Amino acid sequence: MTSNALKRYYEILDGDEKAKYLLAKQRGVDANLDDDDDALWRAHDKAIRGAAERPGGPSLLDLKMELGRRMLSECRLCERRCLADRRNGEKGHCGVLEARVSTDFLHMGEEPDIVPSYTVFFSGCTFNCVFCQNWDISTMPGSGFAIGPKDMARKIEARARAPSMGLLGLTGHARNVNWVGGEPTSNLPFILEVLNECIANIPQVWNSNMYLTEDAMSLLDGIVDVYLTDFKYGNDRCALRLSNAPNYMSIVPRNHRLGRAHAEMIIRHLVLPGHVECCTRPALSWIADNLQEVKVNVMAQYRPEHRAREFAEISRPLGMADYRKAIELAESLGLELCD
Ligand code: SF4
């Protein structure tokens, strides 16, 4: 049976569809960018529902960029809702001010559908996972390099236009742009500015913990082609204890529903040692019960990094028995697993 989970993504790769951000750049909307926040959000909500077209008006992407900039004054990009005035140097929980890129390269180790993937790792994160495998990036929001939207866009354009076989894969063609970290959420306004400078028909992949607010999710509607998500936990207690993420089950499942309503989706679930019953089972069951046509990657590559050794059950690598149980569960639920 042919999968429909990434149908539109492949149509973009074949040149039969346009990346959503290009459509958002082309669509004029009925909005005045000097209006107050409420009026702009109303115009945006109408626009993403397909109404409020105005040829010659600001583009839908212009409107999203203006709303994103304003959100930085009282930051509520993620559900920590710090209300920090990041435009004036006030740091919130993630510690991110300007966007800083820890590293960017052509990733060959992601899911087969998306490699080679031009992966941009932002410094800083909205979570504090004790087992973070990228802790050197996520816990240091001031690390990496600052880059302007135009220069970032130039890198993307170069990746989109490069020949398939570059030098050792280092300079080759990317099938998509993969925004990750740390966490991309803190950098959403910057990413919108970058896309405003791009013209390449290249899919946008949002690689995230999905702890965004509904407003931030709404800004991604019409921009993201594929969500590449982490669905880590199956209950609030484990999420709070291991990622310092309150109300996980009220937020992350909601955002999976919202994201799936406007884009395609690959969901990652990293199996944690000793968490098959409390996390893997409810997380995979929720996906099976609530989301249609998504791909699921049940991941075995857990290793005790960062502060994991302070937590008894995750202070060891994942055992084969736990992983086998997770795969059997996913198969019994009828989930479409990644190759
Ligand atoms: S993105 Fe950072 S500053 Fe903004 S609400 Fe989240 S943690 Fe706070």
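Helices (H or I, at least four residues) and strands (E, at least two) are DSSP runs, numbered from the N terminus. This is a predicted model, in which local features need pLDDT of at least 70 and side-chain atom pairs count only at pLDDT 80 or more, while totals for chains, interfaces and linings use all residues. Residues are numbered from 1 along each chain as its sequence is written.

**Figure 1. The loop around glycine 234.** Glycine 234 lies in the loop that runs between β6 (226-230) and α9 (236-243). A residue is buried if 20 or more other C-beta atoms lie within 10 Å of its own, exposed if 12 or fewer, and partly exposed in between, with C-beta atoms placed from the backbone. Glycine 234 has 24 C-beta neighbours inside 10 Å and so counts as buried. Two residues are in contact if their C-beta atoms, placed from the backbone, lie within 7 Å. Leaving aside neighbours within four places in sequence, glycine 234 is in contact with Cys278, Cys279, Thr280, Arg281, Pro282 and Ala283. The C-alpha atoms of glycine 234 and arginine 281 are 7.2 Å apart, although 47 residues separate the two in sequence.

**Figure 2. The loop around glycine 28.** Glycine 28 sits in the loop between α2 (20-26) and α3 (37-48). With 17 other C-beta atoms within 10 Å, glycine 28 is partly exposed. Its contacts, leaving aside neighbours within four places in sequence, are Glu53, Arg54, Pro55, Gly56, Gly57 and Ser59. Alanine 47 is 19 residues from glycine 28 along the chain, and their C-alpha atoms are separated by 9.2 Å.

**Figure 3. Helix α6 and its two faces.** Helix α6 (residues 149-161) has 13 residues. From first C-alpha to last it reaches 18 Å, close to the 18 Å expected at 1.5 Å a residue, where the expected span is 1.5 Å times one less than the number of residues. The buried residues of α6 are Met152, Ile156 and Arg159. Seen down the helix axis, these buried residues fall within an arc of 60°, so they line one face of α6; the arc is that of the directions from the helix axis to the C-beta atoms. They pack against β2 (117-122), β4 (176-180) and α7 (188-196). The face turned away from the buried side carries the exposed residues Lys150, Asp151 and Arg161.

Figure 4. An open sheet of 9 strands has the order β3-β1-β2-β4-β5-β6-β7-β8-β9, with mixed pairing. Two strands pair if DSSP finds at least two bridges between them. The edge strands, β3 (145-146) and β9 (336-337), each pair on one side only. Strand β8 (residues 295-299) runs parallel to β9 and is joined to it by 2 bridges. Valine 296 stands opposite leucine 337 in β9.

**Figure 5. The largest nonpolar core.** A nonpolar core is a set of buried Ala, Val, Leu, Ile, Met, Phe, Trp, Tyr and Cys residues joined through C-beta atoms within 7 Å. The largest one here has 100 residues, and those that touch the most other members are Val177, Leu195, Tyr211, Ala216, Val226, Val271 and Ile287. Not counting residues up to four places away in sequence, isoleucine 287 touches Phe231, Ile267, Val294, Val296 and Leu335. In soluble globular proteins, nonpolar side chains tend to be buried together.
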